[in-house]
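Subject: Handing over the structure

Dear colleague,

I am passing this structure on to you, and below it you will find notes on what turned up when it was examined. Please look through the sequence and the model before reading on.

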Amino acid sequence: MKGLVVGAAALVAAGWTASAEAADLSYGQRAPYTVNQPLNAYSWAGPYLGGNIGYEWGSVDNNPSKPSGFVGGVQAGYNFQNGPWVFGVEGDIQAAGADDTFAPWKFSNPWFGTLRGRAGYAFSNVLFYGTAGLAFGELRGQTFGWTESHTTAGWTIGAGAEVGLAPNWSVKLEYLYIDLSTSQFAITGVSNGYSASVVRAGVNYHF
């Protein structure tokens with residue numbers, strides 16, 4: 001009986017040792033924690049570059065024209081991150097097809113750009129942010145073959161959401177309100193400015 005007990009104990013000890021060695025071996029062969037934890041280790045910090053496409057609709061000060069059309073462009077920026085808080089700066093330049101004709105006047109916004117600060121809160125790879133800053137662009141008026149353009153500056157404010165799909169790629173959806181200052185137009189005889197709303201989707205590559 002004593003020999004049977006000793007033998008059983010030895011068998012259990014041997015099995016325990018083999019199991020531990022197998023666990024150690026398995027752990028030693030495990031890949032580093034990189035791909036397996038993007039949700040609790042996603043970083044928004046650093047530079048990025050991307051493109052966007054969207055739609056713009058606006059109005060001209062002191063004129064019934066309401067230009068609208070598709071827009072597209074490129075953006076670049078840099079993020080700083082402190083825990084879940086993300087701060088940064090972003091600039092973009094857009095080509096726009098927004099135009100409208102009322103009576104003898106046709107107004108259009110051929111292009112615009114912004115330089116903005118961004119601040120947001122990240123839930124891992126999902127970032128919600130607000131943004132505001134400088135806007136600049138061109139308002140072009142036409143009547144009876146006469147074309148007049150003014151490039152002015154103003155302000156912009158907006159908000160958006162960005163989702164990291166991979167360590168280097170993200171997609172975003174963003175709304176901006178843009179207000180460009182007025183200029184004296186000879187073809188209308190009054191000061192005309194431009195304000196517009198822009199909704200756009202974009203993709204960014206993070207370096």
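Lys172 is buried, with a relative accessible area of 5%, where buried means under 20%, exposed over 50% and partly exposed in between, taken with a 1.4 Å probe and protein chains only. This is a predicted model, in which local features need pLDDT of at least 70 and side-chain atom pairs count only at pLDDT 80 or more, while totals for chains, interfaces and linings use all residues. Residues are numbered from 1 along each chain as its sequence is written, and side-chain values use heavy atoms, with hydrogens and water left out.

Lys172 forms a salt bridge with Glu174, their closest N and O atoms being 3.7 Å apart; the term stands for a side-chain nitrogen of Lys or Arg within 4 Å of a carboxyl oxygen of Asp or Glu. Glu174 is found in strand β7 (residues 169–185), strands being DSSP runs of E with at least two residues, numbered from the N terminus, and at 2% relative accessibility Glu174 counts as buried. The side chain of Glu174 also makes polar contacts, one with the side chain of Tyr129 at 2.8 Å and one with the side chain of Arg200 at 2.8 Å. A polar contact here is a pair of N or O atoms within 3.5 Å; within protein, one must be able to donate a hydrogen and the other to accept it, and residues adjacent in sequence count only if both atoms are side-chain atoms.

By the salt-bridge rule the count comes to 10. One of these joins the side chains of Arg116 and Asp92 (3.2 Å, N to O). Arg116 lies in strand β4 (residues 105–123) and Asp92 in strand β3 (residues 85–102), so the pair ties together parts that are 24 residues apart in sequence. Asp92 also meets Arg200 in a salt bridge between their side chains (3.3 Å, N to O). Because Asp92 lies in strand β3 and Arg200 in strand β8 (residues 190–206), this pair ties together parts that are 108 residues apart in sequence. Arg116 and Asp92 are both buried, and Arg200 is buried as well.

A network of salt bridges links Glu90, Asp92, Arg116, Arg118, Glu162, Lys172, Glu174 and Arg200.

Conventions: Helix = DSSP H or I, 4+ residues; strand = E, 2+ residues; numbered from the N terminus.
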